[in-house]
Amino acid sequence: MASRFEDVTDSDVAALKDAAENMNTLFELFYASVRKQDGTDYEPGSLKVMQAALDRHLKEKGYSLSIIKDREFLSSRKVLEGKARKLRNEGKGKLPNKSRSLTREEEEVLWECGQLGNSSSRSLLYTMWWLLSQHLGLRGCQEHYTMNVEDFTLNKDDNANEFITFAEGPTKTRQGGLRLQPRSVLPKVFATGDSRCPVALFKSYLAKRPEDLKLSGPFYLACIDNPTKTAVWYKKSRMGKNAISRIMSTMKENSPLQGEG
């Protein structure tokens, strides 16, 4: 194969096309026949998780196409969707434990499909909820609902690494907010420097809030859907408790994990 773009020939293009077609065929066969070791079917959502894991593996190996998005793999996606639909019709996907934690692969699906990330006001807010739940161990809706921006501190350690801390059980009269020096006993969420850096996403969320609520006020604000001609993505009103409690189910409903427990 050619090493430079200008050296690519028609035969190179044909070879790449043939390779994608062959791989697509293999995925069609895999999706149609894959079973657990005991011969039973996987849950529909597990098939989607496998697809995301395979797509991530190919990306890590330098493969330029996505088996989830690109048209070269449309027919294999149809096979997967058809099998998932058939399994749901047979009663699969209705898991009894609705509160179970996401697996690493399921979390990857949410990042890949845009439910987690910073592509919209909702995805950024959902990401705040997810990261705070994971890093600070927050689980109850009430904990999230009553949080204020002043409950967080943003600072650097002696090596200039940025981190966030959350003051557990803060009072409404607590002063200082982001200018406070964090206490060593508080849990710290450190910057990672990648596209999913919790500190960078936290700072992005603050920047998208109304000007007079960037350093104070309710942490979870109601979203402005599809904001135009403005850098503000959120309203001045607090997000409702019921909406916060449904964040996980809402993300799943709008992702390939739809219908899973």
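**Close-up views of a predicted model**

View 1. The lining of the largest cavity comprises seven nonpolar residues, with no polar and no charged ones. The model shown here and in the following views is predicted. The lining residues are M128, L131, L132, I164, V189, P198 and F202. Two elements, α5 (121-136) and α7, each give two or more residues to this lining. The greatest contribution is that of α5, with three residues.

**View 2. Volume of the largest cavity.** A volume of about 60 Å³ is computed for the largest cavity. With the threshold set at 30 Å³ or more, the count is one cavity.

**View 3. The three-stranded sheet.** Three strands form an open sheet in the order β1-β2-β3, and their pairing is antiparallel. The edge positions are taken by β1 (152-156) and β3 (188-190); each has a single partner strand, and therefore one side of each is left without a neighbour in the sheet. From one strand to the next, the twist averages 25°.

**View 4. Pairing of β1 with β2.** Five bridges join β1 to strand β2 (residues 162-166), and the two strands pair in the antiparallel sense. Within this pairing, T153 is placed opposite T165 of β2.

**View 5. Helix α7 against the sheet.** Helix α7, spanning residues 198-207, lies across β1, β2 and β3. The helix runs at about 70° to β2. Helix α7 is also one of the elements that give two or more residues to the lining of the largest cavity, a lining that includes P198 and F202.

Terms used:
Residues are numbered from 1 along each chain as its sequence is written. This is a predicted model: local features need pLDDT of at least 70, side-chain atom pairs count only at pLDDT 80 or more; totals for chains, interfaces and linings use all residues. Side-chain values use heavy atoms; hydrogens and water are left out. Two strands pair if DSSP finds at least two bridges between them. Helices (H or I, at least four residues) and strands (E, at least two) are DSSP runs, numbered from the N terminus. Axes are lines fitted to C-alpha atoms, for helices over the stretch in contact, and angles run from 0 to 180 degrees between N-to-C directions. Contact means heavy atoms within 4.5 Å. On a 1 Å grid over the protein atoms alone, a cavity is a set of points where a 1.4 Å probe fits but cannot get out, and a pocket is an open set with protein on both sides within 12 Å along at least five of seven lines; lining residues have an atom within 4 Å of a point. Grid points are joined across faces, edges and corners, and a volume is the space filled by probe spheres set on the points. Ala, Val, Leu, Ile, Met, Phe, Trp, Tyr, Cys and Pro count as nonpolar, Asp, Glu, Lys and Arg as charged, and the others, Gly among them, as polar.
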